[in-house]
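Good morning, and thank you for making time for this item. I would ask you to look at the sequence and the structure together while I speak.

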Number of protein chains: 4
Amino acid sequence: MSEIKEIITELIKFRDKRDWEQFHNPKDLAVALNIEAGELLENFLWKSHEEANKDKVKEELADVFAYAFLLAEKYNFDVKEIVLEKIKKNGEKYPIDKAKGTAKKYNEL
Amino acid sequence: MSEIKEIITELIKFRDKRDWEQFHNPKDLAVALNIEAGELLENFLWKSHEEANKDKVKEELADVFAYAFLLAEKYNFDVKEIVLEKIKKNGEKYPIDKAKGTAKKYNEL
Amino acid sequence: MSEIKEIITELIKFRDKRDWEQFHNPKDLAVALNIEAGELLENFLWKSHEEANKDKVKEELADVFAYAFLLAEKYNFDVKEIVLEKIKKNGEKYPIDKAKGTAKKYNEL
Amino acid sequence: MSEIKEIITELIKFRDKRDWEQFHNPKDLAVALNIEAGELLENFLWKSHEEANKDKVKEELADVFAYAFLLAEKYNFDVKEIVLEKIKKNGEKYPIDKAKGTAKKYNEL
């Protein structure tokens, strides 16, 4: 079993033992992901990134991944496939010769 | 090479070809993750989850994963390890007998 | 009519001309607010605050306010009253002698 | 003094008593706003809007307003003015005859 499948299997096991699938529709999973992303971000509030607490970042990032994997599972997305596809698409939006060394958005390049 | 390592390798390659590491400090990566999580959520706004456009969900979820993986890489986190650790921790916050079938938060169980 | 009532009146007028009240339930308004907060934040991504485009910040902040006011209206909250109440409550969580000059969260003071 | 000026005056007083202006740069204020928007949204997670706790919604919405007002103040934006301007602009993006009764985004109308 691939690594990502293993992670998802554990997440599903956790969910099903608690009978939580009834709550996990894609919209609420996306809402949950946003909330966790906010909690992750809170570790950097009013400070530079060096001052963030690494252990807390770890826990909140794990929560972000959990909901991202659960959402991918809901739609039967292959995580590796969709990320590689998006990298390819972004490569067209951000051609190297224009995007190199600049943080500008693609519509401002 | 593991699946997740492969994904991260491709993300780093994309980043380095554009000389973007200078922008990718953990705080801004967490900011980027929040922005993408918001764009993902936009696909569900004013509608039920059945009405969401699956292809757009796919692309935005891929962006969320991209920044989550890049952030994990910054801290040298092993994604599988941190998610499994968090599942264990959540198992203590949400014991099955109390949490089964309810969407309540752990501090309200 | 008070300033805030005036703003809300205009927002409601805009909404009702388009027959959008049917979509504006509190959950989706909170979702919309999150999306707009993310778009606001995008103006600061990969850069310091001095580099943000003031006109874009203005527009996105206006959207944040629009949904915040619409949500307040849904619940019949008086904006001034709820903010002043929260300031009072935060004053107890952050007593001056402990909180002065530090960015720590109340549970770490 | 107008209602909004009054609110902002109280927020500034609270901030300055704690010597917090040093942390309140626009980027971190936008980050804080996102975090609070996430906490507001948490009240609607896994449930319909009728089930949300009104008192908690009130407190989190107050926090959202607090950071939105503080950000407006940083840029010397007049809140009423920027919201009315945005309503006007949105009126062009969403003409009544096309937008009436539909939740579609302007680029899909």
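This is a predicted model: local features need pLDDT of at least 70, side-chain atom pairs count only at pLDDT 80 or more; totals for chains, interfaces and linings use all residues.

Which rotation, and what shift along its axis, superposes chain D on chain A? The rotation is 180°, the shift along its axis is 0.0 Å, and the RMSD of the superposition is 0.0 Å. The two copies are thus related as by a two-fold rotation axis. Within chain D, the C-alpha nearest that axis belongs to D:Gly38, at 2.9 Å from it. The contact uses the same surface on both copies, since 100% of the contact residues of chain D recur in chain A.

As to confidence, chain A has a mean pLDDT of 96, and 100% of its residues reach 70 or more. For the complex, the predictor gives an ipTM of 0.97 and a pTM of 0.97.

Let me turn to the interface of chain D and chain A. Chain D contributes 17 residues to the contact, and chain A likewise contributes 17 residues. Between them an area of about 1,300 Å² is buried, and carbon and sulfur atoms give 77% of that area. On the side of chain D that touches chain A, helix H2 of chain D, residues 26-42, supplies the largest share, namely 10 residues. Sorted by class, this side of chain D comprises 10 nonpolar, 3 polar and 4 charged residues.

How many salt bridges does the rule find across the interface of chain D and chain A? The number is 0. Polar contacts between chain D and chain A amount to 2 residue pairs, with both residues at pLDDT 80 or more.

The wider picture includes charge pairing. Side chains of opposite charge can pair when their charged atoms come close. Over all chains, a search of the whole structure finds 43 salt bridges. One of the salt bridges links B:Lys27 with D:Asp28, and the closest N and O atoms of this pair are 2.8 Å apart. B:Lys27 lies in helix H2 of chain B, residues 26-42, and D:Asp28 lies in helix H2 of chain D, so this pair joins two chains.

Definitions and conventions
Residues are numbered from 1 along each chain as its sequence is written. Chains are lettered from A and ligands numbered from 1 in the order in which they are written. Side-chain values use heavy atoms; hydrogens and water are left out. Contact means heavy atoms within 4.5 Å. Buried area is the accessible area (1.4 Å probe) that two parts lose on being put together, summed over both. A salt bridge is a side-chain nitrogen of Lys or Arg within 4 Å of a carboxyl oxygen of Asp or Glu. A polar contact is a pair of N or O atoms within 3.5 Å; within protein, one must be able to donate a hydrogen and the other to accept it, and residues adjacent in sequence count only if both atoms are side-chain atoms. Helices (H or I, at least four residues) and strands (E, at least two) are DSSP runs, numbered from the N terminus. Ala, Val, Leu, Ile, Met, Phe, Trp, Tyr, Cys and Pro count as nonpolar, Asp, Glu, Lys and Arg as charged, and the others, Gly among them, as polar. pLDDT is the predictor's confidence in each residue, from 0 to 100. Copies are superposed by least squares on the C-alpha atoms of residues with pLDDT of at least 70 in both.
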